[in-house]
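Here is a short tour of the model for anyone planning to work with its coordinates. Have the viewer open as you read.

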Amino acid sequence: MPAATDRAIDLAEVNRALAEATPEAVLAWTWERFQPDVILTCSFQHDGVVLAHMLRTIAPAVPVVFIDTGFHFPETLAYRDEIHRRFGIDVVALTPIVPREQFAAEHGLDLYARNPDLCCHINKVEPLKRRLPGVRAWINGRRRDQTATRQDIQTVEAFQGGLYKINPLATWTSRDTFYYMERHGIPTHPLFDLGYASIGCAPCTRPVVAGEQERDGRWAGASKVECGLHTFLEPKS
Ligand code: SF4
């Protein structure tokens, strides 16, 4: 089926129409509307894994893009491999443009501690930016209840250049994600039971303690609160 790429999208109308839609219905709408120019980014946190699992039957041609920053926990890479073995989910790995040795020589491997925004830009944003030309719909696993910076995300968001960000789990809670995983026999990330409620690069992630929000263990002690991947795009005015 050819993509309906040129019809204008009335964002308010689309979000009203999808307000009560299940994530599966949002994924089906996305594929119908934007195929084949659709990707899912997945860092092998639970929400991304759930979306990759749903896409297996709804739109298996959607690439599952994994940004291999070089700083992931070994447990995350092992979990990625386990999900591949059990569910046949393949990934397209994106790696930083700057080779590791050059990055270390120019910035030091502890750049994350001194300038996490620059570190994220080199190791996450640039690799994704290289993959985005031609993409019209970028599916990701953000939820409103994760943190204050995400409480207003819409199911469909428009950005300059004609890119749409699709947030099928915007209205889900972490509990919804776990119910889905339980129903479908999806294992949890091995660090989850050790208190890691949100898992990114190893140097920038710690377990959360009682009373903290899900993402409080990310960049703890730094002013940075949001992943660089979700701040570099210019919203469409
Ligand atoms: S999360 Fe930390 S280690 Fe990973 S790219 Fe960003 S600053 Fe660097």
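Around the ligand you will find Phe71, Tyr112, Pro116, Cys119, Cys120, Asn123, Lys124, Cys201, Cys204 and Trp219. The biggest contribution to this shell is made by helix α7 (residues 116-131), which supplies five residues.

Now for the packing of the nonpolar side chains. The largest nonpolar core has 37 residues, and the members touching the most others are Trp29, Phe34, Leu40, Ile83, Ile139, Ile166 and Ile186. Helix α3 (residues 46-58) provides the largest share of this core, six residues. A separate second core holds 17 residues, among them Ile39, Cys120, Trp219 and Cys227.

Which residues does Trp29 contact, once its neighbours within four places in sequence are left aside? They are Ile9, Val14, Leu18, Phe34, Val156 and Ile166.

Two points of backbone geometry deserve a look if you are preparing the model for calculations. The peptide bond that leads from Gln35 to Pro36 is cis, its omega being near 0 degrees. Pro36 itself sits in the loop that links α2 (23-34) and β1 (38-41). In the loop between β1 and α3 there is Phe44, whose phi is near 60 degrees, a positive value in a residue that is not glycine.

Is Phe44 buried or exposed, and what about Glu234? The table sets out both.

| Residue | Relative accessible area | State |
|---|---|---|
| Phe44 | 1% | buried |
| Glu234 | 54% | exposed |

Phe44 counts as buried because its relative accessible area, 1%, is under the 20% cut-off. Glu234 counts as exposed because its 54% is over 50%. Glu234 is located in the segment after α8 (174-183). Apart from neighbours within four places in sequence, Glu234 makes contact with Phe159 and Gln160. From Glu234 to Asp193 there are 41 residues in sequence, and their C-alpha atoms are 37 Å apart in space.

Finally, a word on confidence. The chain has a mean pLDDT of 92, with 97% of its residues at 70 or more. Residues 1-6, however, have a pLDDT below 50, and this stretch has ten contacts in the model beyond near neighbours in sequence. Where pLDDT is low, predicted coordinates should not be read in detail.

Methods:
Residues are numbered from 1 along each chain as its sequence is written. This is a predicted model: local features need pLDDT of at least 70, side-chain atom pairs count only at pLDDT 80 or more; totals for chains, interfaces and linings use all residues. Side-chain values use heavy atoms; hydrogens and water are left out. A nonpolar core is a set of buried Ala, Val, Leu, Ile, Met, Phe, Trp, Tyr and Cys residues joined through side-chain atoms within 4.5 Å. Buried means under 20% relative accessible area, exposed over 50%, partly exposed in between (1.4 Å probe, protein chains only). Helices (H or I, at least four residues) and strands (E, at least two) are DSSP runs, numbered from the N terminus. Contact means heavy atoms within 4.5 Å. pLDDT is the predictor's confidence in each residue, from 0 to 100. A residue is near a molecule or strand if one of its heavy atoms lies within 4 Å of it.
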